[in-house]
Amino acid sequence: MKVLVISNTINGRINSNLSNILSAANNLAECCDVFLIGKLIQDSLPNYKCINNVEHYPIDDSLNHALIVAPLISNRILDYSHVLVAADSYGKDLLPRIAGSLYLSQVSEVSEIISPNIFKRAIYAGNILAEIESYEATKLLTIRVANFPSYTSLAANINYKQLNSEVVNDIRTKILFESISNVDTVDINTAEVIVSGGSALLSKDNFDHLIGSLAFQLSGAVGASRAAVESGFATNDCQIGQTGRIVAPKVYIAVGISGAVQHIAGMKNSQVVIAINSDINAPIFEYADYGMVGDLFTVIPELINKLSNN
Amino acid sequence: MKILVCVKRVVDSNVRVRVMQDNSDVDIALSKMSLNPFDENAIEEAIRLKELGLTQEVVAISIGGDKCEDTLRTALARGCDRGILVETLVSHEPINIAKILTSVVKLEQPDLVLLGKQAIDDDSNQVAQMLAGKLNLPQATFASKLRLSDNKLEVTREVDGGIQNILVSLPAIVSVDLSINEPRFIKLPQLMQVKKR
């Protein structure tokens with residue numbers, strides 16, 4: 001078993017979900033190799049105990065996209081029995097491209113590694129869990145980050161190889177600009193508390209004022225239903241559900257969210273679900289550990305008030 | 001300029017899918033089937049480019065059993081000019097779909113291939129990227145906005161934490177997000193008309 005983890009840097013830092021992918025890799029082998037792609041400015045190289053070798057490809061942010069990265073590393077992929085990347089927008093863009101160029105199949109959004117060749121993943125908006133058996137000599141997996149804990153053991157030193165391999169620019173793709181929301185806010189993927197709002201908030205002002213403040217009081221992250229995102233109350237990266245993010249915080253507070261199956265698919269692994277909704281028949285209550293039937297415009301300000309007084 | 005739109009026939013998003021008693025597969029034999037919602041957005045985007053006069057022909061392709069003809073007719077009713085059905089007896093993994101599409105792209109020589117970013121049955125999110133990798137063409141995944149001019153396509157992508165704008169040269173492969181547009185409502189007469197085509 002030879003396991004490779006591919007990760008990237010974001011704004012000069014290591015992608016924070018690397019530790020989750022390492023714990024997934026740990027299910028397959030004690031140690032793995034890591035390919036880290038992108039410039040490091042604020043972080044040093046990762047020194048987790050389970051890493052054999054780190055190969056660092058310090059390519060510029062403007063070149064760190066699938067058209068350039070896939071050919072850069074695809075000739076190394078077949079040396080491994082398993083290749084794991086996060087099922088985030090970087091991994092989902094990159095790994096299938098590599099798979100296509102090597103004519104390999106891929107198992108997406110793996111939530112559990114049952115054995116070296118059997119993987120569990122959700123299908124039909126998370127309503128059904130499928131066990132997939134792969135016969136490929138090299139198994140390509142994207143990993144659902146929220147289902148694996150962070151790997152934390154550190155080692156004294158790391159085997160580090162910086163690769164200054166010539167990166168050939170490909171003019172067929174050019175990154176024009178990127179607007180990544182404030183990195184100082186709590187990361188929704190690793191947050192212990194998520195406060196999510198739905199279309200019942202009625203406006204962006206209400207959303208920011210009520211959901212934002214409640215999340216701030218609880219040191220949590222802000223989430224949103226698809227309806228809220230489409231109404232422009234929240235940005236797309238906050239969207240939780242089948243087509244957005246899949247999260248599993250300790251506490252998930254759903255405010256004014258009715259609970260369509262697509263939304264449930266994104267949050268049902270949360271440890272404790274608290275739902276606040278004015279409609280007693282809202283399906284979200286079926287999944288909630290604590291439910292409150294009430295008008296969010298009275299309940300939430302009261303809650304914020306009580307929390308800020310403590 | 002020609003656009004190829006890839007469409008998949010899937011279980012309707014309102015159907016609650018059940019598992020067979022022996023847990024061997026999902027039981028969808030009697031389920032209502034529909035056009036994959038993400039592919040509806042891909043068709044809509046292609047049709048809008050055509051209405052703007054930026055493309056001359058929009059060709060829809062579907063891979064699967066003979067029932068996929070319905071899916072293609074829906075695509076025609078939405079404004080596609082032509083439909084291609086690649087008939088298969090079994091359902092295929094994304095990598096094989098990408099392989100079939102590679103051959104179709106080589107035959108049809110489209111300037112732009114539009115796909116939904118994922119199908120709502122297996123939620124794999126693979127085919128567009130695999131196709132781009134196999135053909136060694138530029139890719140733009142999770143697109144929420146397209147602007148086409150001078151053989152270049154500016155794409156706004158939905159990425160973690162925000163958005164990214166990229167410029168890709170054509171031919172290119174683009175997978176679209178639901179946020180890219182609001183697919184139009186098709187009227188029954190339009191749907192009836194294409195039965196004859």
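## Strand pairing across the chains

A:Ser179 has B:Ile163 as its bridge partner in β11(B). In this predicted model, strand β11 of chain A (residues 173-180) and β11(B) run antiparallel, joined by seven bridges. Strands pair if DSSP finds at least two bridges between them. Strands here are DSSP runs of E with at least two residues, and helices are runs of H or I with at least four, numbered from the N terminus.

Local features need pLDDT of at least 70, side-chain atom pairs need 80 or more, and totals for chains, interfaces and linings use all residues. Residues are numbered from 1 along each chain, chains are lettered from A in the order written, and side-chain values use heavy atoms without hydrogens or water.

## Extent of the interface

Chain B gives 49 residues to the contact and chain A gives 44 (heavy atoms within 4.5 Å). The buried area is about 3900 Å², with 49% from carbon and sulfur atoms. That area is the accessible area (1.4 Å probe) lost by the two parts on being put together, summed over both. B:Ile95, B:Asp160 and B:Gly161 supply 13% of what chain B buries against chain A, more than any other three residues.

Two salt bridges cross the interface (side-chain nitrogen of Lys or Arg within 4 Å of a carboxyl oxygen of Asp or Glu). In one salt bridge, A:Arg245 meets B:Asp160 at 3.9 Å, N to O.

On chain B, the elements giving two or more residues to the side that touches chain A include α3 (94-108), β9 (139-149) and β10 (152-159). β11(B) gives the largest share, eight residues.
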